[in-house]
Structures are given as C-alpha cells and as structure tokens.
Amino acid sequence: MADAILTDEINSMDIDARVESILSQMTLEEKAGQLNSVDASSPDPSGRLADDIRAGRVGAVLNQVELPEICKLQYLALEESRLGVPLLFSRDVIHGFNTVFPLPLGQAASWNPGLVREAARIAAAEAAATGVRWTFAPMVDISRDPRWGRIAESLGEDPHLASVLGAAMVEGFQGEELSAPGSIAACVKHFAGYGASEGGRDYAATSIPDNEMRNVYLPPFKAALKAGAATFMTSFGDIDGVPATGNDYLINGVLRGEMGFDGLMISDWDSIGQLIVHGFCENPEEAARIAAQAGVDMDMMSSAFVDHLPALVRQGLVSEALLDEMARRVLTLKFALGVIDDPYADIHRGGAPAPADALSLAHKAAVESLVLLKNEGGVLPLDFSEIDNLAVIGPLADQPVEQMGTWVFDGRAERSITPLSAVRSALGDQAQLHFAPGLTHSRDNSQTGFADAAAAARASDAVILCLGEEAILSGEAHCRADITLPGAQLDLAKTIRAAGKPVIAVILAGRPLALTHIEPYFDALIYAWHPGNMGGPAIADVISGAANPSGKLPVSFPKSVGQIPIHYNRKNSGRPAEPDKVIAIEDVPVGAPQTSLGMSSFHLDDGYEPFYPFGFGLSYSKFAYGHIQISAQSIAPGEPLELAIDITNSGDRDGVEIVQLYIRDRAASLTRPVRELKAFQRVELPAGESRTVRFVLTDADLAFSRRDKSFGAEPGGFDVWIGGDSQADAHAAFELCARSAAG
Ligand code: GLC
C-alpha cells in the first residue's frame, strides 16, 4: 500500500512546496524512476512493466490509449508503489486522434493559425478522453528537403510560418489551463535542426553553422516556448559532431540559458542510448551522465537514467541536486496537469465526449489545405450539372487509410470519406460515374489496369485522376532519393491523357514531389497532401466549386531532386542567378571552351527557380495587387512603418487570398536571405470588390541573430514586397535609421 503522499497538509500547499514535499520522501532510485518513460503498446506477459511500476521505476508511459488499461497501470502506481506517485500517459497525437486532420504540412498550406489551433484542440480533447495527457507535438523542424520523410509532419520551410502555426498548435493542445479537461501538454520537437539531416536521410548527421541554427531552425522553438509549451524533445541528430541529446550548449546554453525554458526536456526514443552508437559515449553510464548534465530530464526508452543515475550520484559523478532538478520538473508537470490531484480524472469525466464539431472541422481543414497549382483554361470548377459521365481514376482515389497519412495510430479507416465516395455522393444520380484504379497502389508497376482506366476515361466527359504516395512512403525513417511519383503513375497519366478528355489531377502525398515530367498531362492540378478523414469531401467540394481553394504552398516544389535544397529564402551569393544569366544545357555549344565569366548560381539543366515557389496557390477568384503605399522612407528603432496595398478580386467568385509580406535586409553583418516572410493575412474578398490591406512593421520584425549572437535589427536599406506568393512583385524600399530623430 502506498504511503499517502497527498496528506491534507500537502494538499494545502502550493505546487512548488508540494513537489518539494514529495521529493524529500524519495530515494535516489525513486527520483530516477520518475525520469523513465516506457512504451506500453505491447502486451506485458512477463509482468515486467507492472513490476517496474510497483518498484517506482516508471514515471511516464507512452502508447497506451485504452482507458481500462491506463486505469490498471495507474492503479499499480498509486496503490502498489511505495509513494504512489501517479503515471503520466503520452502519445504521438500529431494531426488528430480519433479524427484525423490533414498532415501538419497540409495544415501549414492553410496558413490559418486559428484553424490549426482548433484542430489541435479537438485532437487534445479526444486524446485526453482516453487518459492521454501529453502529446509529442508540434514538430517544428524547418524542412527544406522533400527527400526527408518527416517533411510530412513539419510545418514547411519557413521560420515565420512555422513559428506562427507551431505556437497555434501549442495553444490548441494546452488550452487555457493545463489541468482542465481536454488539455494535454505539448512537446515541441525535435530540438534542434533535425530537418537538415544529410541527404534527406532520416537520423543522418547535420552540419548547421550556429548562425543558420539561430536564424532558421530555432525561431519556431522560440515561438512555441513563448506560447507556453510545457515540454520539449531532443532530436536524434548529430549536430556538428555533438548529438542533440547530449548537447549541453544547445539545451542548457541556448534553450534554458538564453531562451529561458525551465520545463521538462524528454529525449527521443532511445536517443540517450544512441549516444553510444553515435560514438559520443563509451557506455550507458556515460550516456546517462552526459544527457543529464546536458539538460535532458526524461529518458524515453533507453532506461539509462533509471539504471545508472542513482549509482552516478553515489559516485559523485552526477550531483543529487541535478537529479532533484530533473525529478522536480517531472513532478511539477504532473501537478500542472492535475494528474497528481486527480489521476483518474478522465474516468470521473467519463472520457470527455468527442467534440461534436470534429469531422466538420476536419472537412474545413482539408478544404483549406488543398492547393490549386494548375487550372488550364479554367477547366475547374467542374459544373457537375453539365456532366453526364465522369471518370474517377487512380491508385489514391479510394484509399481511406492512405489518405490519412503518416503518424496515424488512432485514426480509423471507417471515419474516412475517399475522393471516390465523395464524388459519387456529389454526383448523385445525375451522372454516370466510371471508376478505375488503374494501379493497385502507388508503387504498382503493372499496367494491367490501364485498359479499364483508359476505357473509363474515353466513356467520360472529364477525368479526376487521383495519384500520389501511399502513407508509408513518408513519415519517420521513410525517405526517398527519387521524389517523382512512384510506380507506373506517369505512364498511367499518359494513357489517360491519350483519351483526350480534361484531366483534373489530385495528388495525395506526404511531401512535395517532382512533377516536371507529369504535370503536362494534367489540365488542372490540386495538391491534397494526405488530407485526413475528410479529404474526399474537401476534394469534391473544390473540384465542383462548392469551395474556392485558398491554400498556399508552405514549401518549395523542386523541378527535380537534383535541385535540393531549394527554398525561397536562399542567400544571394556573389553571383546570383537572374533570368538573363541562365543558360539552358541544350544551349551550351558542343566543344565550348571553359568559361565562367558572366556566369551565375544555377543548374544548366534545371536553372535556379523551383517548379512551384513557396507561398504559391491559385484560386477561382482573380486577385490583382496595386502598388504599396508606405508611410515613411525611413524609420528609427521602435517607430512603426505602415504599409498598405489595394487588392481587387476581379473574378466572378468570392474568394480568400493569403496576402504575404516579405522583406530583404540589403546589407548586414551577416548576409541575409533574398526574401524573408514577415507577415501574412487571410483576406476574404467578394467578387468584384477591392480592399486595402494594411501591415505594420517595426525594427523588431527586422531583427535577426547577429554575428555576436545578439538579437536585433541593423540600420540600413530594406526592400519589402507584398503579394500572393514568395515571388510577389509589388515592391517598396525603406531605411532603418541608427537611432530615433531625438538622438
Ligand atoms: C519517434 C519520433 C518522435 C516520437 C517518439 C515517440 O522515434 O522521433 O517524434 O515522438 O519516437 O513515438
């Protein structure tokens, strides 16, 4: 029977005092036990997990989401361990729990922080109802490499967009009060720079200069921290020779010292044990010591902390004060979540009812995640009332699991509505639907299904061609060196094109794909990412015009894998490419002598522009931008610069435009990107109407981490552009003065 730790006296104290009271009763082994996070997804026939819980060797459990099982494990901790400290239950709730929303990369294409926040709120409520109180999200790794499978769970390539949306996810998961029903602790990951994994291969080393780390990879972590994130997770990565999980400079120095984070840092799965594999530590004892001293508080699945920290303290190699600090963070989180005061909260609440608006919000999120990339001759929207025969073709047309995407443990196929189902419902009996998958799955190289697919196309007035990747071709550890559509999908597209009917392609994938060679076979192209349970209705709504697409790319699309890394916020170099300085490979004379004069930074075969730029996305409306009105030619630090621009919807449909503002710092103590997103607004504009959109900039928006590691703006000249993507051409210029006019 556990000694009562929740005496009336303790309950009357504030959290810090209550933590100290529990800590003072703990042995070294019990303190180390709080630092141990173990997986409970597999059966426990040996009873090892139960024994460890009874022995006080477990502080948190991941991947158990069955309420009865959670109750059993919690009972063991409360009633059969010496001190009865409750367990904390965690899960990767990445883009939904029972209700699956679009991939985070797809949600990022909505550029809608309110929507992203709401999706996280619903996911949190559904997870908390099962007893899960901690998610390992948001993942805010800046991702510039589509070969990397985890780009699917990222918020794209831009620090500002990832900062805004990552903060919104934290707010959605954690709500106003961590201990409230439906709130779960967020865990910002993977600290840091994981997206720079060499070659786009997961878990590979990264080489990130400190200026790049501070100006590209860290800003979304800062934003998530500012939003109140309760926990962080280390990356698997080796950062310039020092693995993140043992990186004292990054965790204690930057995150805790400079950024002021005093919450719980958990390792990634066995990433403490992997310090040995990295060649950074000799043995588990050293790995435990180095990770603890680097600032890691909890050990996911390596057991190094629980196995070795008590002895390391007794040997004087790790201070007991440090062990106390680590255990204190775990207990403080448990108190903040209300887990200690009410470990069975979710039972009393009877499992908070699933939010009624879950699927309708998933539908809205899916609609806003879709990006219209091509609409030749206005083939879209398709007026279903004028269609007698419509073909739905392709290996992703009717795949309820694939459309949910990666990182879906708790979603269910029966909650998905596929594109085929949704189009069939939208058509009703007014038209004949002809379905042919053409291929059994995205990697299928057999053309045996082509004849049926071609026949379906020939029999129809138009074709909806659903192509892409199975969910398993992206996500953790699933990286691709060739980012074209897999299998025989290009051949299928050629076959369907040959039928001579309008081809509306919908691509469902977990990454940007290289579309250069297949795009010519499409009249229209909608990028759907993996859109979640309600992907089908969303796709049908956009194709039929029931919804007007507003999505914008959160990541650049390369022409080929050879262009990677390619991102809009590149450095200018001393010989930047410009249209008149690019030579196509076919224009290089045979036998041409070596020359570099007048040349610039591009590939002979692919030039220097992406296939689709960051921020790009079409609409059924037509948005025209006026000139930028700027309130001053120069500002002093602290002074606002007001910018305004008129936008006109000259189309015949009401629409939403995501108006984007980019700057360029022309000269600074560090070279700065040729463009940097600094603000954006979702503007609803009725057909035929104009609107003046206003932005305000101050020197705070121009700040960056400088060579001396200070953070601030530097005086000098700036460019500013406003438009509908990162190649916006409405331009103005201004100066930031060294000091205010008052001197
Ligand atoms: C995985 C992932 C991490 C996840 C954790 C728990 O390996 O890297 O993002 O949260 O393990 O599933």
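Let me start with Trp111, which sits in the loop between α6 (104-108) and α7 (113-128). Its phi is near 50°, a positive value in a residue other than glycine. Keep in mind that this is a predicted model, and that applies to everything I go through here.

Staying with the backbone, there are two cis peptide bonds to point out. One joins Leu380 and Pro381, with omega at about -5°. You will find Pro381 in the loop that runs between β11 (371-375) and β12 (389-393). Another cis bond goes from Ile564 to Pro565, and its omega is near 5°. Pro565 belongs to the loop between α21 (535-544) and β17 (623-625).

Now the domains. The domain assignment gives domain 1 as 8-348, domain 2 as 370-544 and domain 3 as 623-736. Between domain 1 and domain 3, the contact takes 13 residues from domain 1 and 16 residues from domain 3.

Next, the ligand. Which residues surround the ligand? Going up in number, they are Asp92, Phe136, Arg150, Lys189, His190, Met233, Phe236, Asp268, Trp269, Met300, Trp407 and Glu476. By type, this shell divides into six nonpolar residues, one polar and five charged.

For Asp92, an N or O atom of the side chain is 2.5 Å from an oxygen atom of the ligand. For His190, the corresponding distance from a side-chain N or O atom to a ligand oxygen is 2.6 Å. For Glu476, a side-chain N or O atom is 3.0 Å from an oxygen atom of the ligand. As for cover, the ligand on its own has 310 Å² of accessible area, and the protein covers 94% of that.

Last, a sheet. Five strands form an open sheet, and reading across, the order is β19-β27-β26-β21-β22, with mixed pairing.

As a general point, strands of a sheet pair through backbone hydrogen bonds, either parallel or antiparallel.

That is where I will stop.

Note on methods. Residues are numbered from 1 along each chain as its sequence is written. This is a predicted model: local features need pLDDT of at least 70, side-chain atom pairs count only at pLDDT 80 or more; totals for chains, interfaces and linings use all residues. Side-chain values use heavy atoms; hydrogens and water are left out. Two strands pair if DSSP finds at least two bridges between them. Helices (H or I, at least four residues) and strands (E, at least two) are DSSP runs, numbered from the N terminus. A residue is near a molecule or strand if one of its heavy atoms lies within 4 Å of it. A polar contact is a pair of N or O atoms within 3.5 Å; within protein, one must be able to donate a hydrogen and the other to accept it, and residues adjacent in sequence count only if both atoms are side-chain atoms. Accessible areas come from the Shrake-Rupley method with a 1.4 Å probe; for residues, only the protein chains shown count as cover. Ala, Val, Leu, Ile, Met, Phe, Trp, Tyr, Cys and Pro count as nonpolar, Asp, Glu, Lys and Arg as charged, and the others, Gly among them, as polar. Domain bounds come from an automatic or database domain assignment. Contact means heavy atoms within 4.5 Å.
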